[in-house]
Amino acid sequence: MVKRIISSVMVFAVALCLLINAEAATSKTTFDKDDEWLIYMYICGTNLESLASRDVWEIQSVKLPPNVKILINMNGVRHWSDPRFEKYGDGIYLRDSDGFRKISSWKADMGRPDTLKNFLKFGEENYKADHRILIFWDHGGLNGLCYDDAFD
């Protein structure tokens with residue numbers, strides 16, 4: 001029974017990927033080098049928070065052009081093992097050409113749809129962009145996407 005469910009999910013995922021790739025291949029969208037980009041990173045640390053912290057600090061080594069911003073929602077853990085995040089805490093961080101900084105304290109259940117909705121709305125209201133990208137950072141699994149260790 002479990003194998004059949006997993007097989008069905010895998011077939012559905014492959015079909016979805018093929019559809020998305022077909023759509024992307026026929027898209028006539030053009031991009032200008034001066035277009036504004038906002039990349040949302042929805043990071044639910046859970047039991048992988050040390051990897052999440054490492055990835056966020058690795059982003060610091062990239063030189064961003066002024067038209068690219070990365071808005072990061074760091075939540076989903078009871079305790080950050082990285083002392084930099086333990087000091088500054090959960091919240092919304094911004095990485096842009098000026099550096100990296102916390103712009104809002106925010107403790108929210110990353111598994112709730114309203115948390116994602118409010119994060120996207122925050123970005124939309126505060127940062128103009130011609131293009132927006134959303135990255136879910138979480139391992140997912142049997143508990144679902146963005147299972148939050150800090151909330152029941």
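**Nonpolar cores and salt bridges in the predicted model**

The largest nonpolar core holds 15 residues, and those with the most contacts inside it are Met 41, Ile 43, Val 56, Ile 70, Ile 72, Met 74 and Trp 137. A nonpolar core is here a set of buried Ala, Val, Leu, Ile, Met, Phe, Trp, Tyr and Cys residues joined through side-chain atoms within 4.5 Å. Buried means under 20% relative accessible area, exposed over 50%, and partly exposed in between (1.4 Å probe, protein chains only). At least two residues of this core come from each of β1 (37-44), α2 (49-59) and β2 (68-75). Strand β2 gives the largest share, 4 residues. Helices (H or I, at least four residues) and strands (E, at least two) are DSSP runs, numbered from the N terminus.

The structure is a predicted model: local features need pLDDT of at least 70, side-chain atom pairs count only at pLDDT 80 or more, and totals for chains, interfaces and linings use all residues. Residues are numbered from 1 along each chain as its sequence is written, and side-chain values use heavy atoms, with hydrogens and water left out.

Ile 70 touches Ile 39, Met 41, Ile 59, Leu 64, Tyr 93, Leu 94 and Arg 95, with residues up to four places away in sequence not counted. Contact means heavy atoms within 4.5 Å. Another core, of 11 residues, lies apart from the largest one; Tyr 40, Leu 71, Met 110 and Tyr 127 are among its members.

Side chains of opposite charge can pair when their charged atoms come close. The structure holds 3 salt bridges, each defined by a side-chain nitrogen of Lys or Arg within 4 Å of a carboxyl oxygen of Asp or Glu. Asp 96 pairs with Arg 101 at 2.8 Å, N to O. Asp 96 is buried, at 6% relative accessible area. Arg 101 is partly exposed, at 33%. Lys 33 bridges to Asp 34, with the closest N and O atoms 3.7 Å apart. Lys 33 is exposed, at 69% relative accessibility.

The salt bridge between Lys 121 and Glu 125 spans 4.0 Å, N to O. Both residues lie in helix α4 (residues 113-126), 4 residues apart, about one turn of the helix. Lys 121 is partly exposed, at 46%, whereas Glu 125 is exposed, at 57%.

Pro 66 sits in the loop between α2 and β2. Its relative accessibility is 62%, so Pro 66 counts as exposed. Beyond its neighbours within four places in sequence, Pro 66 contacts Glu 36 and Ser 97.
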